[in-house]
Amino acid sequence: MTYEHRVKTSEVPTQILPPRRISAGVPVVIGTAPVEDLADKPVNEPRVIYSYSEFVATFGWSDDWDKYTLCEFAYSHFALFGVAPIVCINVYDPASHQSGDPAAGDPTQVVSADIIGGIDADTGARTGLELVADVFPRYRLVPGQIVAPKWSEDPSVAIVMEAKAERINGLFNAMAVIDIPDGTVTRYTDVPAYKEANNLTGKRMIDCWGKPYMGDMVFHGSTMLAGRICLTDADHDDVPYVSPSNKRIKATGAKVNGRDLYLGLEEAEYLNGQGVVLFFNFDGGWKAWGNRTAAYPSVTDPKDAFIPIRRFFNWHGNTFILTYWQLLDNPLNRRQIETIMDSEQIRLNGFTSREYILGGRIAFLEDENPTTDLMDGISRFHTYMTPPSPNRVIENILEYDATYVSALFGG
């Protein structure tokens, strides 16, 4: 060591780490867009979009939403709900989706297999839903919702959507927001049987039934619910602890099989009790109605059965991964453990004080960290937390109290 005669400073890593900020509900939307006349045709390429005008410039525009489903979603998300961003994946390729005329594309030639996509064995290129895995590496955005308006009415697409919502990049979790086809399931009493028969029962799946509309514009339920989820998050500091149920949607009605849908409360409760979200006009206008994931009623664990609790667990886990990725491969010593423990406990205490959760704590338990794992560089932390359940029933018990008859005598 050299001889020193000075005043100097040095630094050590901060003991408390602030969490990475991620948007809880970023939708990744797979569908079709009118790219025929664009010089740059984004086909099977995720594009992050922050505004209506940016969407039109990137993907073109058409009012024919049956052919071009991404336009439906962009209008709902940007023009009606005013939330951003979204990640769009267009699978329509005018060069390959044709019908007779080789000079013109035909979006009606797109099929469910294009939405599901795959991985090219020779090039490794991804298409369709496989591109969900490209979103974070490209844009550093963690998918919060996977949506495919119209296409998710095909159960084969819906099931793959849920599969892709779990362990994205081997790490992150999201929700698949899907549509039960009202054109074939026209009676509310038939919805639960269809849901069960087609395996639309996943804990990371939200089943929607019915199509909200505004004037002549008809939207898939998944489109409208995805916007409502994002707006609800935005209204609550981008923390997904509040249910989208009983919140206004941007609609003047809802249809099933082309006819106006007017369900009574008991009928709506029946669908909610079967793990289905619908669109309901009872008090305060048209609203999303339902708190349950598609796993309910077969699964009753609150973290898997309630939409906001499932989403909070997704978000909290995603945030933990991104926050402590910077500590990966650091020495597994007491300082490393205390940094994670202290940082997380501060975050949990903040959530508790803001009533995002009812309480929470993190532990480093000896029985979950055997010596052989610690020697191999593996550490495990255990977080206990309780996001509040949606208050789905409020009851006031009324009783006639005869003792107050004495008030007739004064005094």
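Buried means under 20% relative accessible area, exposed over 50%, and partly exposed in between, with a 1.4 Å probe and protein chains only. The model is predicted: local features need pLDDT of at least 70 and side-chain atom pairs count only at pLDDT 80 or more, while totals for chains, interfaces and linings use all residues. Residues are numbered from 1 along each chain as its sequence is written, and side-chain values use heavy atoms, with hydrogens and water left out.

**Whole chain**

Show the C-alpha trace first. Along its principal axes the trace spans about 90 × 85 × 40 Å. Colour by secondary structure to see 12 helices and 15 strands; helices (H or I, at least four residues) and strands (E, at least two) are DSSP runs, numbered from the N terminus. Of the 411 residues, 48% count as buried. A contact means heavy atoms within 4.5 Å. Among contacts with a separation of 6 or more, 67% are between residues 24 or more positions apart.

**Tyr 68 and Tyr 92**

Rings of Phe, Tyr and Trp (its six-membered ring) pair if their centres lie within 6.5 Å; planes under 30 degrees apart count as stacked, over 60 as edge-to-face and the rest as tilted. A search of the whole structure finds 20 such aromatic pairs. For Tyr 68 and Tyr 92 the ring centres are 6.3 Å apart and the planes stand at 55°, so the pair is tilted. Tyr 68 lies in the loop between helix 1 (52–59) and helix 2, and Tyr 92 in the loop between strand 3 and helix 3 (112–116), so the pair ties together parts that are 24 residues apart in sequence.

Next, select Tyr 52, Phe 55, Phe 59, Trp 61, Trp 65, Tyr 75 and Phe 219, which ring pairs link into a cluster.

**Charges over rings**

A charge sits over a ring if NZ of Lys or CZ of Arg is within 6 Å of the ring centre and within 35 degrees of the ring normal. Select Lys 150 with Trp 151: the lysine lies over the face of the tryptophan, 5.0 Å from the ring centre. Then select Arg 292 with Phe 306, where the arginine lies over the ring face at 3.9 Å from the centre.

**Val 26 and Pro 85**

Select Val 26, in the segment before strand 1 (27–31). Val 26 counts as buried, at 2% relative accessibility. Not counting residues up to four places away in sequence, Val 26 touches Pro 85, Val 87, Val 142, Pro 143, Gly 144 and Gln 145.

Move to Pro 85, in the loop between helix 2 (69–81) and strand 3 (86–90). The peptide bond from Ala 84 to Pro 85 is cis, with omega near 5°. Another cis peptide bond joins Tyr 296 and Pro 297, with omega about 5°; Pro 297 is in the loop between strand 13 and helix 9 (302–305).

**Positive phi**

Select Arg 140, in the loop between helix 4 (135–139) and strand 4 (145–147). Arg 140 is a residue other than glycine with a positive phi, near 55°. Glu 355 also has a positive phi, near 65°. Glu 355 lies in the loop between helix 11 and strand 14 (360–363) and is exposed, with a relative accessible area of 60%.

**Pockets**

On a 1 Å grid over the protein atoms alone, a pocket is an open set of points where a 1.4 Å probe fits, with protein on both sides within 12 Å along at least five of seven lines; lining residues have an atom within 4 Å of a point. Grid points are joined across faces, edges and corners, and a volume is the space filled by probe spheres set on the points.

The largest pocket holds about 900 Å³ of space. Among its 33 lining residues, select the closest to its centre: Phe 320, Ile 321, Ser 379, Arg 380 and Phe 381. Helix 10 (307–324), helix 11 (334–353) and strand 15 (382–385) each supply at least two lining residues, and helix 10 gives the largest share, 9 residues.

The second largest pocket holds about 660 Å³. Of its 23 lining residues, select Asn 272, Trp 289, Asn 291, Arg 392 and Val 393, the closest to its centre. Helix 8 (265–272) and strand 13 (286–289) are the elements that give two or more residues to this lining, and helix 8 gives the most, with 3 residues.
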